[in-house]
Amino acid sequence: MTSLMKKMALALTVAAAPLMAVSGASADGEKYILVSHAPDSDSWWNTIKNGIALAGEQMDVEVEYRNPPTGDLADMARIIEQAAASGPNGIITTLSDYDVLSGPIKAAVDAGVDVIIMNSGTPDQAREVGALMYVGQPEYDAGHAAGLRAKGDGVASFLCVNHYISSPSSTARCQGFADGLGVELGNQMIDSGQDPSEIKNKVQAYLSANPDTDAVLTLGPTSADPTLLALDETGLAGDIYFGTFDLGEEIVKGIKAGVINWGIDQQPFLQAYLPVVVMTNYHRYGVLPGNNINSGPGFVTADGLEMVEKFAGEYR
């Protein structure tokens with residue numbers, strides 16, 4: 001770790017970051033901070049919060065969740081710097097933009113803070129920044145698997161509704177899907193933004209201008225929920241092939257109703273839960289898995305909804 005004076009000096013240069021303490025202090029003073037790129041408005045991350053909270057409780061360590069309220073990545077970089085300056089045992093962080101976030105992450109590692117990359121980024125990028133490992137879903141591979149599945153179902157064209165286009169991981173999902181289909185991505189991916197009304201209007205406008213579109217691909221509840229409304233209002237619900245990444249209450253309802261063909265579950269609960277367990281055992285006993293951990297992808301269809309429906313938005 002850095003000396004106390006270096007930590008204090010760094011802390012003074014960093015603005016206070018939003019945080020959510022989700023478990024009490026541990027008996028041994030162990031503390032882990034999870035930093036995500038998600039804005040406060042993205043409810044999908046509630047499962048991440050539940051995962052880190054349960055891990056903290058079970059491992060008897062203190063955990064915190066921190067994020068930039070608006071999803072601003074420059075703000076996130078500052079939060080990582082502040083987290084490192086506070087001297088935790090470890091930081092768990094997304095790597096949604098390597099160019100913006102790799103510097104602060106490398107600095108944390110150089111200061112003696114162990115880091116695990118989760119959710120976004122790649123195993124190669126995790127190694128490059130000096131992280132212990134990567135826990136998450138290889139996004140391009142997941143998109144490619146989805147594209148192959150859709151191709152087998154007769155899909156040849158699609159609309160990818162990208163609600164977080166500044167994240168390379170999101171674009172990788174769309175590109176993988178296109179490659180799985182064997183088609184060019186081109187203008188089949190739209191920057192939908194995150195406002196529900198805007199997303200709904202953009203989906204309706206695209207499908208109106210491209211009536212021969214075979215399928216719609218959304219990247220999570222933020223884009224899936226308004227897309228469900230768009231399809232319902234245009235009379236396409238249940239008639240157009242619909243696949244989505246991630247799960248949520250409305251997505252589960254859509255799968256159950258036959259409007260959504262499948263959801264790709266990256267198991268976000270594990271992305272938060274496992275890093276706390278791994279690092280705690282590493283610091284206590286010196287044991288560490290010998291490889292990265294893939295938390296997904298897994299396809300959820302109407303045939304396997306019982307447990308998913310029970311815990312959607314909470315642990316699934």
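How do the residues of the lining of the second largest pocket divide into nonpolar, polar and charged? The answer comes at the end of a short walk through this structure, which is a predicted model.

Start with a pair of helices. Helix 3 covers residues 73-85 and helix 4 covers residues 98-110; the two pack with their axes 9 Å apart, at an angle of about 0°. Angles under 35 degrees count as roughly parallel, so helix 3 is roughly parallel to helix 4. On the helix 3 side, the contact is made by Leu73, Ala74, Met76, Ala77, Ile80, Glu81 and Ala84. These meet Val100, Leu101, Pro104, Ile105 and Ala108 of helix 4. By class, the contact of helix 3 with helix 4 has 11 nonpolar residues, no polar ones and one charged.

The largest pocket holds about 270 Å³ of space. It is lined by 19 residues, and the closest to its centre are Ser43, Trp44, Pro221, Thr222 and Asp225. Two elements give two or more residues to this lining: helix 9 (221-234) and helix 10 (249-257). Helix 9 gives the most, with five residues. The lining of the largest pocket is made up of seven nonpolar, seven polar and five charged residues.

The second largest pocket has a volume of about 210 Å³. Among the 17 residues that line it, Gly121, Thr122, Gln125, Ser169 and Ala172 are the closest to its centre. Helix 5 (123-128), helix 6 (139-152) and helix 7 (168-181) are the elements that each give two or more residues to this lining. As for the opening question, the lining of the second largest pocket has eight nonpolar, six polar and three charged residues.

Definitions and conventions: Residues are numbered from 1 along each chain as its sequence is written. This is a predicted model: local features need pLDDT of at least 70, side-chain atom pairs count only at pLDDT 80 or more; totals for chains, interfaces and linings use all residues. Side-chain values use heavy atoms; hydrogens and water are left out. Axes are lines fitted to C-alpha atoms, for helices over the stretch in contact, and angles run from 0 to 180 degrees between N-to-C directions. Helices (H or I, at least four residues) and strands (E, at least two) are DSSP runs, numbered from the N terminus. Angles under 35 degrees count as roughly parallel, over 145 as roughly antiparallel, 65 to 115 as roughly perpendicular and the rest as oblique. Contact means heavy atoms within 4.5 Å. Ala, Val, Leu, Ile, Met, Phe, Trp, Tyr, Cys and Pro count as nonpolar, Asp, Glu, Lys and Arg as charged, and the others, Gly among them, as polar. On a 1 Å grid over the protein atoms alone, a cavity is a set of points where a 1.4 Å probe fits but cannot get out, and a pocket is an open set with protein on both sides within 12 Å along at least five of seven lines; lining residues have an atom within 4 Å of a point. Grid points are joined across faces, edges and corners, and a volume is the space filled by probe spheres set on the points.
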